[in-house]
Amino acid sequence: MKKLLLIILVIFIIFSCSQKENQIQMAKEHIEKIGKNATSRDINEMYDNGKIYYGSNPEMAMLYFERVVKDKPEASNYLADYYYKKKDYVNYEKWAKYAADRGISPATHNFAYYYEQKGDIENATKYYLIAAKNGDKDSKNDVILLYIERGNDGETKKILKELGEKADDNNLMFYKAGFFEMKKEYNKTIEIYNELIKKGNLEGYTELGSLLYEKLGEKEKGKKLLEEGINKGSPIAPFILAKIYLKEKNYEEAKKYYYMRAKKNDKLAIAGIGYCYEMQENYEEAKRWYKKAIDLGEKKVAFKRLQNIEDRQE
């Protein structure tokens with residue numbers, strides 16, 4: 001039996017290899033037939049073929065990507081990824097740089113991370129910055145954290161301003177708190193949030209309350225701090241507490257906090273009340289609140305959940 005299975009496996013491997021070789025040959029013939037004067041349709045077709053076969057036959061896909069990359073720079077994403085997986089770092093750097101020079105993501109962000117892991121912070125900063133300026137949110141956050149790690153507040157504020165962020169002391173403190181939280185240096189994070197709270201910053205309450213509840217296991221202390229935030233006028237704290245009580249399946253308490261924002265015609269809070277009633281199987285009340293949220297312009301969650309209730313009731 002084992003011998004039979006081994007024979008079947010060998011046949012399957014040979015067949016698979018043969019099939020891949022045939023596909024590669026077909027790709028070569030296809031590319032050769034198109035020639036140098038490819039139309040936009042030809043380029044798009046080759047690019048799409050590369051994407052389709054990248055998972056099952058990456059060598060075939062590379063033929064297409066290398067052919068179209070001058071006309072479709074986004075193909076460099078795949079070229080960089082392919083050579084990185086092959087541990088061919090010379091070609092990886094070639095195509096990652098090609099992508100970065102043209103502002104192509106995620107290759108540019110990955111290239112920055114590659115340099116960061118190598119300890120080349122200068123190039124990591126350079127490529128994170130390129131990706132950030134092209135709208136990559138992760139790169140924006142990563143480059144700011146690199147500046148924070150250097151410990152030069154003046155330079156960090158400059159980069160915040162350059163990236164369209166607030167360059168004031170409070171925003172810098174929030175980024176520092178995030179940096180220390182990422183490093184799991186929670187005492188430093190807590191110290192910063194407490195300093196923000198002393199300055200009257202409402203977001204300090206919500207961030208510290210969430211940290212205590214979600215990551216540090218101090219659930220009651222976290223809730224209490226969020227309550228303090230509500231009393232100080234935080235518009236975000238009621239939502240956070242409502243979500244906490246939803247997680248705990250305490251729908252009455254969740255409604256209580258959603259009501260705080262619903263009084264101000266907040267459509268998300270109103271939809272949240274509908275959800276609480278739905279979870280309590282009070283479908284008529286759920287429908288009433290969902291319809292109210294929809295009337296206020298909440299078209300996604302409320303509409304879908306209302307439709308689900310009505311479908312079940314038919």
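A salt bridge is a side-chain nitrogen of Lys or Arg within 4 Å of a carboxyl oxygen of Asp or Glu. K221 and E218 meet that description, since their closest N and O atoms are 3.7 Å apart. The model shown above is predicted, and the distances and areas in this text are computed from it. E218 has a relative accessible area of 32%, and is therefore partly exposed.

Side chains of opposite charge can pair when their charged atoms come close. Over the whole structure, a search finds 24 salt bridges. One of them joins K133 to E162, with 2.5 Å between the closest N and O atoms. K133 belongs to helix α7, which covers residues 121-133, while E162 belongs to helix α9, residues 153-162; the pair therefore ties together parts that are 29 residues apart in sequence. E162 is partly exposed, at a relative accessible area of 44%.

Another salt bridge is formed by the side chains of E149 and K183, at 3.4 Å from N to O. This pair, too, links distant parts of the chain. E149 is in helix α8 (residues 137-150), and K183 is in the loop between α10 (169-182) and α11 (186-198), 34 residues apart. E149 is partly exposed, with a relative accessible area of 45%. K183 is also partly exposed, with a value of 39%.

Salt bridges can also join up. E220, K223 and E248 are linked by them in a network.

Sequence and space can be compared for a further pair of residues. How far apart in space are D48 and L160, C-alpha to C-alpha? The separation is 38 Å, and in sequence these residues are 112 residues apart. D48 is part of helix α2, which runs over residues 40-53. With a relative accessibility of 36%, D48 counts as partly exposed.

The next topic is the aromatic rings. The whole structure holds 23 aromatic pairs, according to a search. F65 and Y78 form a stacked pair, with 4.5 Å from centre to centre and 10° between the planes. F65 lies in helix α3 (residues 58-68) and Y78 in helix α4 (residues 75-85), so this pair links distant parts of the chain, 13 residues apart. Are the two residues buried or partly exposed? F65 counts as buried, because its relative accessibility is 0%. Y78, with a relative accessible area of 23%, is partly exposed.

F179 and F180 give an example of another arrangement. Their ring centres are 5.4 Å apart and their planes stand at 70°, which means that the pair is edge-to-face. Both F179 and F180 are buried.

Rings can also be connected in a group. Ring pairs link Y84, Y89, Y92, F111, Y114, Y115 and Y127 into a cluster.

Finally, a charged side chain can sit over a ring. The charged end of R102 is placed over the ring of Y98, 3.5 Å from the centre of that ring. K219 lies over the face of Y213, and here the distance to the ring centre is 4.2 Å.

Note on methods. Residues are numbered from 1 along each chain as its sequence is written. This is a predicted model: local features need pLDDT of at least 70, side-chain atom pairs count only at pLDDT 80 or more; totals for chains, interfaces and linings use all residues. Side-chain values use heavy atoms; hydrogens and water are left out. Helices (H or I, at least four residues) and strands (E, at least two) are DSSP runs, numbered from the N terminus. Buried means under 20% relative accessible area, exposed over 50%, partly exposed in between (1.4 Å probe, protein chains only). Rings of Phe, Tyr and Trp (its six-membered ring) pair if their centres lie within 6.5 Å; planes under 30 degrees apart count as stacked, over 60 as edge-to-face and the rest as tilted. A charge sits over a ring if NZ of Lys or CZ of Arg is within 6 Å of the ring centre and within 35 degrees of the ring normal.
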